[in-house]
Each structure stands twice: as structure tokens, then as C-alpha cells.
Amino acid sequence: MTGAAASPPRQLPVSLAANPMLSSWVRFSAEGQVMVSPGKVEIGQGIVTALAQIAADELDVDIGRVQMIRASTAASPNEGVTSGSLSVQQSGRAIRQVCAEVRQIFLELASQRLGVDANALDIQDGTMTGPGNISTSYWELAADVSLERRATAGAVPKLATQRRLAGNSVPRLDIPDKVFARPRFIHDCAFAGMLHGRVLRSGVCAAKLVAMQEDGARAVAGLVAIVRDGSFAGVVSETEAGAEAALQALRRGAAWSAGETLPDEARLAGWLKAQPVESTVIDTRTTPRTAAASRTMRRQYTRPYLAHASIAPSCAIAQWAGDRVRVWTHSQGVYLLRADLALVLGLPVENITVEHVEGAGCYGHNAADDVALDAVLLAKAAAGRPVRVQWSRQDEMSQAPFGAAMAIDLEADLDAEGEIVDWRHSIWSNGHAARPGRAAAPALLAGTELANPFARTISTNPPQANGGGGDRNTIPLYDFPCWTIESHRLKTMPIRTSALRTLGAQGNVFAIECFLDEVAAARGEDPVDFRLRHLTDPRAQDVIRAAARRANWKPEPQPGRGHGIGFARYKNTGAYCAVVAEIEGAEDISVRRLTIAVDVGEAINPDGVINQIEGGAIQATSWVLKERVRFDRQRITSNSWSAYPILRFSEVPEVQVEILARPDIEPVGAGEAAHGPVTAAIANAVFDALGVRVCDLPITRDSLIAAMEASA
Amino acid sequence: MPSIRFRLNGVETDVDADPDSSLLSMLRGRLRMTGPHFGCGADECGACNVLLGDRAVASCDTPLWAVAGREVTTIEGLGNEREPHPLQQAFIAEQALQCGYCVSGILISAAALLARNPNPADAEVRAALDRNLCRCGSHNRMVRAVLRAAQAMASR
């Protein structure tokens, strides 16, 4: 069954080139199991199931035999961080290539053993059979095959039509555990002798701990230790309730310095534009013009700081043995976290083992890494016992990094026909990435609090080649003749920012797609037609047509109801996504329906893709209608669910998702494709219903009134 | 410490504890019942919901004294792989979650709904789950799963 297939890949997939040993990805047990070891981690996106499907397909084994190993610095391939919708692209391709080669190695050995040509052998559920009932299996041969060898890129993965599982909605492997409440989350891990820790933090941003009375905490039953190093302070207790009580006592006896002044949240765009910045020209295009500009349209769009607001507060467990420490974490990057821990501790990385355990849904660089360092520091005082640290809801909502606020200026020069002859896009924003493990200084919160502190990492932006940060999705996919794209990254960071789902793409797609709508409307042209006319990529046109068709574009206007469209190709290299939003309302907007078409290339697990798109669309609706980090001049005030509301069941729109079938195109991720297009589609639908352009997110009663007043 | 007695998933349970301490802390701590999850500690998210009698309550905000002599049901008591509750089967069938941290509390709220209204409409399911937060955006799948479970229970 090796059969004819596509020509071999010329080079190894990126993750495999970085981790070329076959044995680091795949092993067989004599008991009939395949252990697959990705470097990417489960963060609620279902990646483990998709990767298991790929492995089972390529090896021809039942998926029930595939055991997915959690990432650990002790043994896993180093695949950096699980982010950017790259896990299927990177881990999936590597596993597919590895399994193709492993299959070939085993077939060759089976062919020798059985004395028949490898082409005469068939593999079914790991058993290789040939003429005359001869057979062997991966498990029989495993002891005689060394996978301690480097991948060669010579093996050829199956054709799409030869795969049995890819393209099928295999049920997720982790869901039974979760509905039957079998402990699977790090929060639910209990180790022998485990202690509980809590860290003391001030609500005042960047305040220093000046004095701390310990008597109250010492009187709490079960106290094991009070830890203090500069402004980092915490307690360790025999019980979780004891740790909470000791922390409360410590808080009562703590004195803090004044902190750093925060911006005025009512004048955020002005503040962003007044800060010292690093300016970069992201892209320019010039074409000899066919028409002169006769007028210019301008708009400023803004997006607030957004919170990850994970449903679980971050949690980690750490245990020291001499000068070695072991850490259990829901970090997105075990090796990157290890690198930063080594910097803070002044230890070689070999002394630190970081293992992934699932946490709640993760939408970017949240507090997972911060709490891991907290646990490591507190566990130093635990005499070798494991210490579990969990943040409070308040700290989760106020101390974790936020998605950066953005001010976005768009200008279009139009000719006499209202066609775009020049396009300018400028962003002012903090950087969208301050992840651990990437700089000379650690990016972990407690590192900035120690008596010998590390400077706080000012967020930067990944280069455009990696999708960009604040500038993500700024370069138009539309065929405008000229453009200038600029990014102004702030060099001050009073409010901590880092990677949140889509980085700058949500803000930029919102701005571009709303502005385009306005340009089309000024010409009296249908916004779908206008987009199609300015796109040359057929995959882009296809998703727009598919979403429009499914939504019966454009439905007749009804009072108080509107429809809008939004489109983007995530990062300009990932999934294509078009959305038609139907909204209702006058003062309070409700989103009734989102009709979505998406092209992710090969959809390994279609229901998984739909689940990710649906989830992204609903989360984006929450961002658009509800979310805004609130603060006064000293502290983040939106530190509870009542102060930072998110979309509730009764407010969630109907979501319809159509996947365009592209089984022969390399797969890309789906987790971030919907946010930008959904945001723009809702805002455009608001215009359709009410005739007002809301350019400041979130779209609330207040922002609607402000937009109406501005346009009056 | 006074002794407090209640039924937990059908089993008589005695604990010596501060009556003002939270039910969640007792469940997750001494009783090693990790299905109810800590989310906020302030009855704002529903991740720690349990049934107290036939009502869904936030166990983080329920003092132990309030459960004395009562029946408490956690997700563990709702069903297991051998004897699953129709809601659990339906959540698997609909693949009705992403991360799943909120799901034990949502199953409990849904169980309370179906006990009092075996044939709810879509909007009634949403109203019953409105105090439960889901951050991954799995709401519509969960609503479909609850409706599926209601059908399955009606046809038994």
C-alpha cells in the first residue's frame, strides 16, 4: 500500500528540522500502543485529537492505540509556543512526515522478515499482512527497530484520498474525561504531600512593598512559610483555605508605595498617539496612477485593552529537589518558560523540568507563566514538598497581560469615480508580544518584583514574516494601486500587554473592513460586489461568495435590523474567513446570527474546525459588544466578572459555519480566523441598521450615542 | 469544630469544619471531589455549581452550615462512564465544549433545569444557563446538547 503519491517534500517541516530524531516524536510499546509526542499543547482547541488523527492515518493504526504524550522539557520535541494558529501547520506536518518515514522503516523490516516485497504488504491497525496469511506488526517489530535516527525527508506521506481519518470529525479524545469530571486540569492535580501557596499583590500598578506585618499570617493554622524577596511576597500552607486566610492576614499588614500613573481611559487614543514610539514602515506599494485623487476620506478606529479573562485562574505546581526544580504548568511553551525560569533562578536549564498539564481555555499569553514562577519561588520554602499556587480571580483579571489597546488611522484618496487611488493605514499601540523565553531578561511578573528585580519587558511585535504583531493583517489583500502602512509601537507600557488571540489583526480587520464599507457606500456600490471586484485570490472570493450566498445577501432591510459583511485572510497567510452578521437593536445591539464561510486548506477534523470558528466568532462578539479593561489612574478596576462582563448564553448569536473543501491544500489553523471578520461584520451591520458608523470598540449604548453625536 | 452532616452524591457524609467555610473548599479539599471548579469565588461564573436538593447553587458561595441535613450532588454524582447521565452523553455527542473547565457547572445547571422542566425551549435553556460563563464560545453546542438530553430522557 505504499502506492503512487505526490513528489517528496524537498525539505523537512519546520518543527521536524528543529527536532529531527524520529524517536522524539513516535515510539511503540510491545503492548500494542503508539506513543506520539508533540511539542504543541492542548489549550482547549482540540489539537491533541487532530494530531492523533494524523498519526493514526499515516501509520495505519486505530486511533484508539494512539497515546498522546503531554509536552515536557524532559523528552518532548521543542516546538516553541502553541500559538498563532500554527499547531496543525507545524506539529501536524512534522508528525505526518515522521509517521510516513516510520511506516516505511517498519515495512522494510517486515519485508525482510517475511521475505516478500514491501509493496505486497498491507497495514491494517498496525498489523502488516501479505500473501498467504503471513503477518507481523509494529509491536512485534518494535524491539528490533531503532528510531534513534534522523528524519530524512525521503518518505512520502499519503495522498489526501488515501487518508481514512483526516477530513473526518473524529470525537475529541479529551471530552469524556471532562464531562465525567476525571481530573485532567492542573487545578485538579493532587500530589503526595502537596502544600498550597498564595502570592500577595497590590491592586496599585507597579507599587512596591514597603513594609509587611507577619504576625497575623503566622497565627493562621497550617502555615508553613512566609516568603518575601523585595516586593514579591507570599505564603505557603498545609491547606488551600489556610493559604487564603494567611494571605488575607498578610494583606492587612502590608504597606505599599505609590505606583505608576496609568493613562486616562476616557482619552486613550490621544494618549496612545502622544507616547514615545518606534515607527516602522510595514509596507508600501506604488503603481503609476490612472486617475488623480479628487478627495480624501479619513477615519480613526480604536480598540480598548482586552482581558484574556480565562474561566480558570492560573495555576502551577513546583517541587524542588536540591538545586533542581520540577514545574507543572499550563504554559503555552514549556521550553520558553524553562528559559525564563533559568534566568530568574540563575540555574542552568538542565536543572529545570517543565511539564505541561491542561488548564482552562487559553487565548494567548495569560498568567500561566507568571504563576509558574510564583510556584517555583514559594516552593523554595517547602523543604522539597510540592507547592500548588493558584491566582485569585482579581489578580487574573488585573495582573495578567492584556491585549493591547489600539488607535488606527485610515485614509483613502479617491478619484472622481470614488475608486481608491491611495490607501494609508497607521497604528499606534503597545507591542503585542512579551512572551517568555525570547529575550535576555525574563518576561515573568515576579521577576520584576524581586529585591534584585529584572526590568519589565516592554512588549514588541513579531516581524511581518511571522505574521506581525500590532501590524498583523494591515497589508491589504485588496488590489489598491498604492498604499503606505505604518506601525507606531509604544516604548512606554504602564499597562502590561502581550499576545492575545489575533494580536493586532482584530483591530486592523475591523478598521479596514469598516472603512471599505464606507468607501463602497459612498459610491453606492454593494459591499460584497466592491470586495469581490478588488480581490484577485479565488480562495478569498470563494469564502465571500459562500458566506453571502448562505446569508441570502443582501436581505431586505427591516426596521431595527441590519446586515454587514467582514472578510480577512488571517495573517494574510492563514485561514480565509468571511462573515455576514445580522444584528438587531437601536440602543442596545444584539447580534442575532453570524453566517461564516471558512477555508483552512485541508480540514483534518471538520467538526474541530467548526468548533474553533464558532468559538472564535462568539468570543469576538463578546469583545465587540461588551469588553473593555477598565482602570483609574492607579489600578485596573475591571477585576471581577461584574466589572468585566462577557457574553452570556441569552446574548449569544446563532452561528452557522460552512467549510470550503480543500483537501489537497496544506492545513492551517482556525482558532483566530473569525475574530477580525466578525468584528467588522457586526459594525457594518450596525451601520446598515442605524446609519451610524461606530469606530470605537466596544459597541455599547455609550459608543453608539457618541458616534451619533459625532455624525450629527 | 462542630460536625456537619449532609448527603453527598447519595452518601451520608460527616465533616468537622468551620460552618462558615465554603462548601467548595470542603469538596475540593478534604473530600477530594474535584469536579466542581473554582472560577471566581464570588458566585459570578457557575464553574463550581452543585445541586443543593434540586437547585443549582454556587458551592464557592455556599457555607457549610447551609447544607447540613441536605442532599448535595456534584458532577461526580450525576453520572459516570458506566452509568452516564443523558446530559453527559449528549455533551459528548454534540462535542459541546472546548476547554471544558466550565462544563461541570453547566451540566449541573442543566440538570436542575431538566428536573423542573423536562421539555425546555431553546430560550429556556439559555435562561437557565445564563449565570454560567463560558469563555471559549461553546454556548450553542451546549444548548443543543441540553435539548438533545431532554429528548433522550423523554423517550426513555
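Predicted model: local features only at pLDDT ≥ 70, side-chain atom pairs only at ≥ 80, totals over all residues.
Let me begin with the overall division of chain A, where the domain assignment gives domain 1 as residues 14-179, domain 2 as 187-258 together with 309-398, and domain 3 as 406-432 together with 469-711. The centres of domain 2 and domain 3 of chain A, taken over C-alpha atoms, are separated by 38 Å. Where these two domains touch, eleven residues of domain 2 of chain A are in contact with 13 residues of domain 3 of chain A, and the domain 2 side of that contact is made up of five nonpolar, five polar and one charged residues.

I turn now to a sheet of chain A, an open one in which three strands lie in the order E1-E2-E3 with mixed pairing. Strand E1 (26-28) and strand E3 (66-68) of chain A are at the edges and have a single partner strand each, so one side of each is left without a neighbour in the sheet. From one strand to the next, the twist averages 25 degrees. Strand E2 of chain A, residues 34-36, runs parallel to E3(A) and is joined to it by three bridges, and A:Val36 stands opposite A:Met68 in E3(A). Helix H2 of chain A, residues 47-59, packs on this sheet and touches both E2 and E3 of chain A, its direction making about 145 degrees with that of E3(A).

Another open sheet of chain A has four strands, ordered E21-E22-E23-E24, and its pairing is also mixed. Here the edges are taken by strand E21 (561-569) and strand E24 (654-659) of chain A, and because each has a single partner strand, one side of each is left without a neighbour in the sheet. The twist in this sheet averages 15 degrees from one strand to the next. Strands E22 (residues 576-584) and E23 (residues 590-599) of chain A pair in the antiparallel sense over nine bridges, with A:Val591 in E23(A) as the bridge partner of A:Ile583.

Next comes a pair of helices, H12 (residues 505-523) and H16 (residues 675-690) of chain A, which pack at an angle of about 35 degrees with their axes 8 Å apart, in a right-handed crossing. Among the residues that meet there are A:Val509, A:Phe510 and A:Cys514 in H12(A), and A:Ala680, A:Ala683 and A:Phe687 in H16(A). Taken by class, the residues of this contact divide into eight nonpolar, five polar and two charged.

Finally, the contact between the chains, in which 44 residues of chain B are in contact with 43 residues of chain A. On the chain B side, helices H2 (75-78), H3 (86-93), H4 (103-116), H5 (122-128) and H6 (139-154) each supply at least two residues, and by class that side has 19 nonpolar, 18 polar and seven charged residues.

Apart from neighbours within four places in sequence, A:Asp607 is in contact with A:Ser169 and B:Gln95. The C-alpha atoms of A:Asp607 and A:Arg163 are separated by 17 Å, although these residues are 444 residues apart along the chain.

Notes. Residues numbered from 1 in each chain as written. Chains lettered and ligands numbered in written order. Contact = placed C-beta atoms within 7 Å. Nonpolar A, V, L, I, M, F, W, Y, C, P; charged D, E, K, R; others polar. Pairing = 2+ DSSP bridges. Axes fitted to C-alpha atoms, helices over the stretch in contact; angles between N-to-C directions. Domains from an automatic or database assignment. Left-handed = near helix turned anticlockwise from the far one by under 90°.
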